[in-house]
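Dear colleague,

Please find below the sequence and the structure that I am handing over to you. A short account of the findings follows.

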Amino acid sequence: MKRLFARRAFSFARILHTLRPGSAARLLNMRAGFGVARVCLVCLVCLVCLAFFFGLFAACPAKSFALGDKAKEFHAGLRVFGFWSEKNGRRMEVAVWYPAKSRNAATVINDWLIYAGRDAQEVAGLYPVILLSHDMAGYRFSNNDLACHLARNGFIVIAPTHPGDAMDDTTDTWSANNFYNRPRQLLLALEIAMAYPRLAAIADQSRIGVIGVGSGAVTALQLAGARPDPALLAQYCAKSAGNDVFCAPPAISQLAALPATLHSLEEQKGDQTFTPAMDAMRDFFKESRQTHTAEQSKPNDIFVSLSAMPFFPELELALAPEPAVMPPGAAQRKLLSVALVAPGGAMYFAPEALAGLKLPVATIIAGQDEVYPPNLHGEPLLKALPQDFSGPEQVLRLKNSTHYALNAPCPRELEIELPEVCAPGQAGLRSGFANKRDAHLLHFFKTSLGDPLPPPGH
């Protein structure tokens, strides 16, 4: 971990990746001198502690919903996919949370402890889909607690690690490529998840929402149709503090070239260069089916070619011709709502670009946000959005929350190395902030996307 962070060229890239904390096992040393009664007492205490831990402190307890005429109990399931691009050698990782039958188990992936059952059996039904875009230099698990909460409440959450703007790859963090690639990476993650037949069967793609965390807010707003204008950055830097990450070297030197580069890209690729439609990546797998066969994939590799599909054996089915029946909602795929959590990047949007948004937008502002100060990011975004999106139903202000207090908790190792990221001083407040965040977003998406529906034919 230390070597990984030491390699980062930008100090900001070192502080945006947060992990789920591990739970160290406690060993009880029983001495020979203990009497039988004392041993029994200790055992009883252990049993009570275990029951308390797995009961009250389960990160993703089950939820029950009426699905048709039967009540369904949801737990959180997790599926993980890995891919690499033959053209540039980059990898893209995708995590998908979904309503599952089995009880939650602790899943450990790359030292992340996630309270969801890996590859757990799906609960039959039709569930709205939420795309989750992490913060600058983040990771697909940076907000795993939020994703877990939404999954156990009847949503499918799809979160990629954005290649080029991730904790171990910041080559595009300050470049024009980020504006072009990030929204398409979200859409590609959707295609990847829907190529898995068991996920496609329970996903209602006619009801899609998107969450942008930190600078992921820019990505979310792009999908909603807001065109970014980096030429506004100069005005922003004139107002911001001297230590602002966007206005300090080496960021500012690269960001200064954005307006000309974005204009050139638009001339080359067309009007929807930075506001792609929801189907922009759908042909990706159609082309793959024509040029690749199941024999060309490598199921035993950690990462396989994007064109050769995921490494899970079941996904080789996706290399077959187009199915006769499209997955539910696939033909009428539609983005219905947007949520912004501790948003950054307000200076990239002219007021008129946001004023014309038609989709409902929910915003959560961290009052003590040390990365994206609310007076320069969250509040200007709210002011520019249509007035219908600035009421208490859409806006949650957490006065005492820092930026990182709204991310998933850190593991012990990272907390020691980067306390400024993990906000250990707010450990006692984090769960309170998370509960308010989760309740706000759940209500918003229940209102804008709706409840789970029975499977077709029921």
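C247 is buried, with a relative accessible area of 18%, which falls under the 20% cut-off for that class. Please note that the model is predicted.

The link between C237 and C247 is left-handed, with -90° about the S-S bond. C237 belongs to helix α7 (residues 233–239), whereas C247 sits in the loop between α7 and α8 (251–255), so the bond ties together parts that are 10 residues apart in sequence. As a reminder, such a link is a covalent bond between the sulfur atoms of two cysteines.

V96 counts as buried, at 0% relative accessibility. Leaving aside neighbours within four places in sequence, V96 is in contact with G77, L78, R79, F81, I156, V157, I158, A193 and L199. One of these contacts is I158; the C-alpha atoms of V96 and I158 are separated by 4.6 Å, although the two residues are 62 residues apart along the chain.

Finally, helix α15 covers residues 427–449, 23 residues in total. From its first C-alpha to its last, α15 reaches 32 Å, close to the 33 Å expected at 1.5 Å a residue. Just after α15 comes G450, which takes a positive phi of about 95°.

With kind regards

Conventions
Residues numbered from 1 in each chain as written. Predicted model: local features only at pLDDT ≥ 70, side-chain atom pairs only at ≥ 80, totals over all residues. Heavy atoms only, no water. Disulfide = S-S within 2.5 Å. Helix = DSSP H or I, 4+ residues; strand = E, 2+ residues; numbered from the N terminus. Buried < 20%, exposed > 50% of the residue type's maximum accessible area, 1.4 Å probe, protein only. Expected span 1.5 Å × (residues − 1). Contact = heavy atoms within 4.5 Å.
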